[in-house]
Every structure is written in structure tokens, then in C-alpha cells.
Amino acid sequence: ERMKAELEVKDQMILALKDDLSKKDIRIEELNVAVTDLNSNVQELTAVNEAQEAKIEEQIKNINEVWYCIGNDKDLKDADILTGTGLFRSKKIFEKDFDKKIFVEADLRELKSIPIDAKKAKLLSKHPEGSFQINQGDDKKCVLEILDSEKFWSVSKYLVINI
């Protein structure tokens, strides 16, 4: 009798343990689904973050993008950058659509000097006085030194140098 009672108690314990085990299996499956969903969310957020970082980098590049060109009157006129050259007319730049192919692209944070392959040079584009100097190098060729980059590029992102 006692053994039957013990056996019945043990059977009930086994049934209770099996029930607990099946409940825990269900809970484990729910947690696995939750982890899978969270991993998927992390991947989506990582992709969104990378896209935003790329867009920010592109915007920073565009903000700091400047262009310069160096040329004589003929070169600048051929590219439609310079107009009005003549005995009684002053030189004017950017009067109409111009050829951007002649310009060199640079980053204003890195551009500190521009070597000019000529003995004399003149800036045709407007840039604040005191933000630059045109110096002669040892080889008697000019070098444009940008002293204050932020001030220099504040008026125009295009620099035109006439040689």
C-alpha cells in the first residue's frame, strides 16, 4: 500500500515536472522568437545608421568642397569663366554658365597653398583681403598661401587665378 502511494506520488511529481518542462519549452521558444526579432531590429538599425553616416559624410564633403582654376585670359575666356576683356572693358568672371571641367576640386580644410606656374598672378574671384598672400618661391614662381581658410572661402567657393 505504502509503495503504491509512493508510486502514485512519484507519478504525480513526474506529471508536474513534465508540465513544468513543457511550459519552460514554450517560454524558451518565445524567448528565441524575441531574440530573433531583436537581432533583426539591430540589423535594420545598423543599416539605417550606416546610411545616415554615409549621408552625413557626403554632406560634410559637399560643405567643404571648393574649386580653383589657374589660367591666362585665353584659357579662362574659352571656358566661359572670363568675359569683357579688352582695352576699355574690365574683366568680369562668372557672367554666364561656365565650364567646370577646368576647375580643380579640393577640400578647404586641407588646401593651404596653391603653387602657380607663373611669375605673376592675380586673383579674379573675390576673396577677403588679409586671408591670403601671393608669394614668390625660390624658383620665382608664385604660390598662393591661404592664411585664414574660413575667411578666404566665405565669399565664394570658386577661386579664379589669372596668370
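**Notebook: one chain, looked up piece by piece**

I started with contacts (heavy atoms within 4.5 Å): in the chain, residues 24 or more positions apart account for 62% of the contacts with a separation of 6 or more.

Ground rules before going on. I am working with a predicted model, where local features need pLDDT of at least 70, side-chain atom pairs count only at pLDDT 80 or more, and totals for chains, interfaces and linings use all residues. I number residues from 1 along each chain as its sequence is written, and side-chain values use heavy atoms, with hydrogens and water left out.

**Confidence.** I checked pLDDT, the predictor's confidence in each residue, from 0 to 100. The chain has a mean of 90, with 92% of its residues at 70 or more.

**Layout.** I took helices (H or I, at least four residues) and strands (E, at least two) as DSSP runs, numbered from the N terminus. I find 3 helices and 9 strands, in the order α-β-α-β-β-β-β-β-β-β-α-β from the N terminus on. The chain is more spread out than a compact globule, because its radius of gyration is 37 Å, well over the 15 Å that the globule rule gives for 163 residues. For the record, that radius is taken over C-alpha atoms, and the rule is 2.2 Å times the number of residues to the power 0.38. Along the principal axes, the C-alpha trace spans about 130 × 35 × 25 Å.

I get 26% of the 163 residues as buried, meaning under 20% relative accessible area, with exposed over 50% and partly exposed in between (1.4 Å probe, protein chains only). The chain exposes about 12,300 Å², and carbon and sulfur atoms supply 54% of that. I also looked at charges, with Lys and Arg as positive and Asp and Glu as negative, leaving out His and the chain ends. The mean positions of the 27 positive and 33 negative charges are 10 Å apart, placing each charge at NZ of Lys, CZ of Arg, CG of Asp or CD of Glu.

Most residues other than glycine have a negative phi. Asp80 is not a glycine, yet its phi is positive, about 60°. I found Asp80 in the loop between helix H2 (73–78) and strand E2 (82–83), and at 30% relative accessibility it counts as partly exposed. Lys140 also has a positive phi, near 70°. Lys140 lies in the loop between strand E7 (132–136) and strand E8 (142–146) and is exposed, with a relative accessible area of 52%.

Definitions and conventions. Accessible areas come from the Shrake-Rupley method with a 1.4 Å probe; for residues, only the protein chains shown count as cover.
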